[in-house]
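Colleague: I would like to go through this model with you before I set anything up. Could you show it to me?

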Amino acid sequence: MSPTPPAGYTVRPATPADVDGARAVMLDTFYKEFGYGYVPRWHRDVTDIRGTYLDDPRHVLLVAVHDGEVVATTGVHSRGPAHPPHPRWLAERYPSGTTAQLVRVYVRPEHRRRGLARTLVDAARDFVARTPGYDCLYLHTNVRVEGAEAFWRSTAKEIFDARTTGEHGPGVATVHFEIPL
């Protein structure tokens, strides 16, 4: 059963026509929300949205559209967390191929607090549950982003709080989660 988006919004898999709008949401988040901008080793998927999400049947980029504009994104791909920067045990627990990783859960600030992120995450979970070969849905987040920690704790189970390790460097407080399928 597909989640129902808030009134005035459409939530759906991205099409080629959505790529530029989705990329803008992602880049604005990196620069305006995270404050560190585009980092090639972390954000390669953003430069190749089509190849990463649209051309692989086990991957998906979901978008929320309002008045013809992409205002939120959520992606799923089949790569587990990399070691380094993440601990080896975490990469072994969530191997590429059988792990669906939830990424790019971003909502433009003026569209927040309407249920878009939860709707997108629910749609991503549904996609993973019906896609053969996935054992689990994993994610990590920077909990310094306002509202991120409370949101993920209401939706997912904490696996590892890496704030004490500084695995991504100064200004990034990473917590790893798993979402039940």
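Modeller: A word on terms to begin with: buried means under 20% relative accessible area, exposed means over 50%, and partly exposed lies in between, using a 1.4 Å probe and protein chains only. This is a predicted model, in which local features need pLDDT of at least 70 and side-chain atom pairs count only at pLDDT 80 or more, while totals for chains, interfaces and linings use all residues. Residues are numbered from 1 along each chain as its sequence is written, and side-chain values use heavy atoms, with hydrogens and water left out.

Colleague: Is Thr29 buried or exposed?

Modeller: Thr29 counts as buried, because its relative accessibility is 7%. Thr29 lies in helix α1; helices (H or I, at least four residues) and strands (E, at least two) are DSSP runs, numbered from the N terminus.

Colleague: And which residues is Thr29 in contact with?

Modeller: Leaving aside neighbours within four places in sequence, Thr29 is in contact with Phe34 and Tyr106. Contact means heavy atoms within 4.5 Å.

Colleague: Let us turn to the sheet. What is the order of its strands?

Modeller: The order is β1-β2-β3-β4-β5-β7-β6, in an open sheet of seven strands with mixed pairing. Two strands pair if DSSP finds at least two bridges between them. The edge strands, each pairing on one side only, are β1 (10-13) and β6 (157-161).

Colleague: How do β1 and β2 pair?

Modeller: In the antiparallel sense, over four bridges, with β2 covering residues 60-66. Within that pairing, Pro13 stands opposite Leu62 in β2.

Colleague: Which strands does helix α5 lie across?

Modeller: Helix α5 (residues 116-130) lies across β1, β2, β3 (69-77), β4 (99-107), β5 (136-142) and β7 (174-179), and runs at about 35° to β3. Axes are lines fitted to C-alpha atoms, for helices over the stretch in contact, and angles run from 0 to 180 degrees between N-to-C directions. Helix α6 (residues 148-155) lies across β4, β5, β6 and β7, at about 25° to β7.

Colleague: Now α2. Which of its residues are buried?

Modeller: In helix α2 (residues 40-47), the buried residues are His43, Asp45 and Val46. They are on the same side of α2 because they cover an arc of only 115° around the axis, the arc being that of the directions from the helix axis to the C-beta atoms. The face turned away from that buried side carries the exposed residues Arg41, Arg44 and Thr47.

Colleague: What covers the buried residues of α2?

Modeller: The cover includes α1 (19-34), α3 (49-54) and β4.

Colleague: Charges next. How many salt bridges are there in the whole structure?

Modeller: A search finds 11 salt bridges, where a salt bridge is a side-chain nitrogen of Lys or Arg within 4 Å of a carboxyl oxygen of Asp or Glu. One of them joins Asp28 and Arg108, with the closest N and O atoms 2.6 Å apart. Asp28 lies in helix α1 and Arg108 in the loop between β4 and α5, so the pair ties together parts that are 80 residues apart in sequence.

Colleague: How accessible are Asp28 and Arg108?

Modeller: Asp28 is partly exposed, with a relative accessible area of 24%, whereas Arg108 is buried, at 14%.

Colleague: Which residues does the salt-bridge network join?

Modeller: Glu158 and Arg153 meet through their side chains in a salt bridge of 2.6 Å, N to O. Salt bridges that share partners join Glu149, Arg153, Glu158, Asp161 and Arg163 into one network.

Colleague: Last topic, the hydrophobic side. Which residues of the largest nonpolar core touch the most other members?

Modeller: Among its 48 residues, those are Met26, Leu61, Val76, Leu102, Trp152 and Ile179. A nonpolar core is a set of buried Ala, Val, Leu, Ile, Met, Phe, Trp, Tyr and Cys residues joined through side-chain atoms within 4.5 Å. Helix α5 gives the most to this core, with eight residues. A second, separate core of seven residues includes Leu90, Cys136, Phe160 and Ala162.

Colleague: And what is Ile179 in contact with?

Modeller: Beyond its neighbours within four places in sequence, Ile179 is in contact with Leu102, Val121, Arg125, Leu137, Leu139, Trp152, Thr155 and Ala156.
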